[in-house]
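Please look over the sequence and the structure before reading the points below.

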Amino acid sequence: MICSDILPTLSRNSREEEAAENEPNWRDRALYPILGGITILLIVYLTFDEPSFSFSFPVLWLPEMGFVGTNSTRFVVDEDGGGGGGAARAQSAVYVNGWNSYWLMEESVWGGQSKARVAEMMRRGAGMGMTVCRTWAFSDGDGPNALQRSPGVFDERVFRGLDYVIVEARRNRVRVILSLVNNLNAFGGKAQYIRWAQEAGENVSSSADSFFSHPTIKEYYKAYIKAVVTRKNSMTGVRYFDEPAIFAWELMNEPRGESGSSAPLLQSWITEMAAYIKSLDQRHLVTIGVEGFYGLQTQEKSAVNPGEWASSLGTDFLNNSAIHNIDFASVHVYPDSWIPEASLDEKVKYLSQWVDSHIHDGDDILKKPVLFTEVGSSLHQNQQGSYQRDIFLKTVYDKIYESSKKRQAGAGALIWQLLVDDMQGYVDQFSFVAWNHLSTYKLIIEQSCRLRRTFVKEETNRKYHHNDPCSSIGS
């Protein structure tokens with residue numbers, strides 16, 4: 001009786017144990033579909049790597065980054081104080097070593113090797129210790145890679161290219177300055193907006209100043225700003241206004257008026273557009289994009305300009321940069337272009353005076369950081385090639401380094417412009433592949449690391465990554 005009761009029980013338990021052994025556990029049941037889904041996405045991504053295909057592989061992880069702000073004449077990064085619930089946020093001072101690569105969005109459109117160039121540029125830039133890249137977030141008109149084909153009409157394929165640029169920047173802990181329109185005709189610029197208004201039947205003068213004054217054109221530009229600033233990244237789902245890998249918005253690349261009398265128009269336009277961006281985005285900095293020329297309103301500074309022509313462009317470094325919603329001042333540096341007949345010694349002397357004047361203005365008048373957003377030297381206008389470029393670059397770098405040690409307004413410099421190999425279509429007289437010019441390459445890394453070293457005591461909790469050439473600092 002006892003045996004007959006036990007045997008069925010043992011048999012039933014044995015069958016249950018065998019079934020349990022053969023049945024995947026809950027982890028397996030959850031894991032297999034996930035792995036299968038990832039595999040399918042990879043196959044689709046690799047199979048349809050064409051510009052016309054709109055699929056974006058989802059980003060599973062990106063490093064945490066803080067937003068950049070300003071504290072008087074310095075850039076600072078707000079770091080989460082930890083603990084949540086409104087815990088205090090620590091601020092780390094930031095002095096910038098960076099570069100320009102205007103071509104990133106356009107190259108990101110094509111996929112394949114073109115996208116690989118963008119990823120390589122970000123990786124190489126970070127590998128030189130650089131932390132900020134300035135690039136175009138505009139392409140207006142009917143070109144094959146135009147982002148804005150007509151007012152308020154966008155090519156999603158190109159927008160996804162910009163999404164990719166931002167993702168690759170953040171992946172490499174680089175922040176981008178995004179310029180929103182060109183003063184020049186390349187990539188559409190002011191002239192394209194004027195043509196659009198004329199084609200719409202508006203009574204618009206062909207004067208380039210119409211861009212700054214005509215109500216319809218200003219509405220076109222505001223609509224563009226809104227589309228970009230509020231864009232949701234197709235790869236991350238993060239709105240641009242919530243993206244810490246964006247360093248700042250730049251209103252225009254090198255704005256200029258037709259003459260000195262254009263100054264009131266340009267001043268009003270800067271004021272209006274900076275306020276509009278701030279109404280959409282309070283987390284990011286805004287700069288103008290001016291070259292740093294002193295205007296007719298500040299005649300006492302005219303001797304610092306490279307020539308009389310510089311004061312008749314409608315811009316004024318001090319008045320423009322003093323506008324409330326402009327968070328930091330921008331300055332460009334091109335001795336070869338501005339004073340081409342001068343000797344090397346004369347150019348270096350001029351360069352020193354130019355940089356010193358703007359840093360002092362930031363400290364004494366503007367009370368804002370000053371970022372030298374383009375520093376260029378022509379490889380074609382001189383016989384000394386890299387040697388002259390290195391002298392110019394070291395002059396600027398030394399001024400920034402001294403500023404950083406004194407916690408002054410000279411907040412950084414961005415070299416113009418860097419390429420990767422096999423990019424002949426984007427070459428101008430100032431462009432180069434840094435790692436193919438060893439002396440310049442070493443100079444860039446040295447600047448990155450000595451700026452970092454200045455603040456190493458303030459960054460005792462910094463986590464370095466494998467691509468960081470300065471990772472031994474403080475160890």
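Two strands count as paired if DSSP finds at least two bridges between them. Strand β12 (residues 370-375) and strand β13 (residues 410-415) pair in the parallel sense, over 4 bridges. The model is a predicted one. Its chain has 14 helices and 13 strands.

**Confidence**

- The mean pLDDT of the chain is 87, and 81% of the residues reach 70 or more.
- Over residues 1-16 pLDDT stays under 50, and the model has 0 contacts beyond four places in sequence for this stretch.
- Over residues 41-55 pLDDT also stays under 50, but here the model has 18 contacts beyond four places in sequence.

**The chain as a whole**

- The chain has 475 residues, and 54% of them count as buried.
- Among contacts in the chain with a separation of 6 or more, 71% come from residues 24 or more positions apart.
- The accessible surface of the chain is about 21,000 Å², with 52% of that area belonging to carbon and sulfur atoms.

**The sheet**

- Strands of a sheet pair through backbone hydrogen bonds, in either a parallel or an antiparallel sense.
- An open sheet is formed by 8 strands in the order β10-β9-β8-β5-β4-β13-β12-β11, with parallel pairing.
- Its edge strands are β10 (285-287) and β11 (329-333), each of which pairs on one side only.
- On average, neighbouring strands of this sheet are turned by 25° against each other, direction ignored.
- Within the β12-β13 pair, valine 375 stands opposite isoleucine 415 of β13.
- Helix α14 (residues 438-454) lies across β4 (96-100) and β13, and runs at about 145° to β4.

**The disulfide**

- The structure holds 1 disulfide, formed by cysteine 449 and cysteine 470 with their sulfur atoms 2.2 Å apart.
- The two cysteines link distant parts of the chain, 21 residues apart: cysteine 449 is in helix α14, and cysteine 470 is in the segment after α14.
- The angle about the S-S bond is -85°, and the link of cysteine 449 and cysteine 470 is left-handed.
- Both cysteine 449 and cysteine 470 are buried.

**Helix α6**

- Which residues of helix α6 (residues 189-199) are buried? They are Gly189, Lys190, Gln192, Tyr193, Ile194, Trp196 and Ala197.
- These buried residues of α6 pack against strand β6 (148-150) and against helices α7 (210-213) and α8 (215-229).
- Just after α6, glycine 201 takes a positive phi of about 90°.

**Two further buried residues**

- Lysine 347 is found in helix α12 (residues 344-366).
- Why does lysine 347 count as buried? Its relative accessibility is 6%, and the cut-off for buried is under 20%.
- Neighbours within four places in sequence aside, lysine 347 is in contact with Pro335, Asp336, Ile339, Pro340, Ala342, Gln388 and Phe392.
- Cysteine 133 counts as buried because its relative accessibility is 0%.

Note on methods. Residues numbered from 1 in each chain as written. Predicted model: local features only at pLDDT ≥ 70, side-chain atom pairs only at ≥ 80, totals over all residues. Heavy atoms only, no water. Buried < 20%, exposed > 50% of the residue type's maximum accessible area, 1.4 Å probe, protein only. Contact = heavy atoms within 4.5 Å. Axes fitted to C-alpha atoms, helices over the stretch in contact; angles between N-to-C directions. Areas by Shrake-Rupley, 256 points an atom, 1.4 Å probe, with all protein chains shown as cover. pLDDT = per-residue confidence, 0-100. Disulfide = S-S within 2.5 Å.
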